[in-house]
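Please look over the sequence and the model shown here before reading on.

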Amino acid sequence: MNKKNWRVFQELFRLRFHGLTVFRFDFFAPFFVDGSLFAIQLLAFGAVYANVDRIGSWGRGEMILYIGTFSLLNAVNMTIYFFGINSIPYKVRSGELDLYLSKPVSPLFRLTFENISPGAVPLILMSVCIIVYGIASLQMTLTLVIAAAYIFWLVLMEILYYEMEVLIRSVSLYVVSMARMEQIEEAGLDLCMKLPGIALYGVYKVIFYLILPYGIMATLPVQSMIGELNLQRTLYGIGVVVLFTAFTCIIWKNGLKHYNSASS
Amino acid sequence: MRKYWEISKTYMKTQLVWRADVIFNMIFTISKILFAYLLWGIIFQNKESVGMFTFHGMLSYYIVSSFLSQLEMSEGISNEIHERIRNGTFSKYIVIPAGIERYFMAMELGIVLFYLVFDFAAAVVWIYIFRIQFVFTTQWRVIVCAVLMAGLGMIFMIQLNYFLGILTLRFEGIGTFLMIKNNLVSLVTGSIVPLALFPETVTGILRLLPFYYVTYLPAMLFTGQCQEEAVRGLVIIGCWCVLMQSAIQNARKKYFRKYDGAGI
């Protein structure tokens, strides 16, 4: 982030913070809503593991780690960019995107950081607690190398998460209505939040590992931590992120060329 | 009664306007079935039964549970009341020559009757696609109890959502709470995992709550389980409907006079 962008970021954060503090309960809404979602998942899988020892090769500890990892990816998403990126289709429909294109700062940069949600920060802390609980349940020794590899995969998968969100909402630059795309995203995320990638096979694996790669988002970081990640999976994970980065850039940039201002 | 039947018919016809929504709602019922198929598929690879379920018994449960929860669309009522009170357009329901609660009941009936056919068709398609050996009770007494219970469960959910909507007059912004409620309801109605997998003490507590009888117990009864709970369940959910109705009357008396039509 260069000096100009940093100043823009600070200003956007200040404006957003002022706006959020007007409604005090809503300030922590992302924490309460998503926190309850992942707490419920822990309870649900607690019930499953009360009746079975393993789901595939994963025991209770791995599943807690998986839920914590997905929760953390989602928490960072909610804190930093979700509310900004989510408004893209509305801004395209209403023509409000004009204001972003006419400013001397990247429109995507402003959209990404203009709706930061500090109220979701407790969600990050809660996710870290779930991850620590998962590690404790696994009774594993956490070395610096393992932690570094896990953080590397977290960063990589957060980028993928961001790109998926931008990609799906960029469709609004090409078509009139994109409610179906958001429904597909919701269904895919909802499924992969509950179901680790190890349970996928055949055509389901192709869908959730390649076409809508939500299936690898929390799976690969967990696999890196528990030592299930081989060279092939590592290269595949990096490859998918590179592919989606290129794809997102192309779709977004071409989409802006299709944008015809208000009522486009 | 005739005017309410007209309201139901109007809402039935209204659904035809959103044909794509109907089709996509049908398609997206797959996400719950797919989750169950993949999760329990991997678990049942090494097990014959989990709790009281066989693999096909479990999938049959998810088919019925998903069908019932798909039909239960009353969360829109609380959102509608919440939005309209906040923007001052709730007057629409006050000036209509019909009881507001009954209006929402009639509206819900129209929507449910419309979706009944499509959701049933979707359930049959998923049974065929996933090659599920569908387990279904043959006892008429149990089927009648399950149908009545599902009906009472839906009435209770309409009452609950109407009640929560009215609370906007007291608490002004309840959007966050409604989202948390939806998360909790998905767990306690057994939509994520069957409640039978929870420890007996937890199930015992849940049996006292109405949510146990909304989708979980009807789904279990339809799939030939928990038959001894059928009559008791009907009595309990019936009592909850009466209780909720008195809570609604109280809330109406207390808060309706606060509505000034100006919005919040």
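The paragraphs below go from confidence to the fold of one chain and then to the contact between chains.

This is a predicted model, in which local features need pLDDT of at least 70 and side-chain atom pairs count only at pLDDT 80 or more, while totals for chains, interfaces and linings use all residues. Residues are numbered from 1 along each chain as its sequence is written, and chains are lettered from A and ligands numbered from 1 in the order in which they are written.

The model scores ipTM 0.88 and pTM 0.90.

Chain B contains 13 helices and two strands, where helices (H or I, at least four residues) and strands (E, at least two) are DSSP runs numbered from the N terminus. The C-alpha atoms of chain B fill a box of roughly 60 × 40 × 35 Å along the principal axes. Of the 264 residues in chain B, 39% are buried, a word used when 20 or more other C-beta atoms, placed from the backbone, lie within 10 Å of a residue's own.

Turning to the two chains together, the contact takes 28 residues from chain A and 24 residues from chain B, two residues being in contact if their C-beta atoms, placed from the backbone, lie within 7 Å. On the side of chain A that touches chain B, α2 (24-27), α3 (29-49) and α11 (179-194) of chain A each supply at least two residues, and α3(A) gives the most, with ten residues.

Technical notes. Buried ≥ 20, exposed ≤ 12 C-beta atoms within 10 Å, placed from the backbone.
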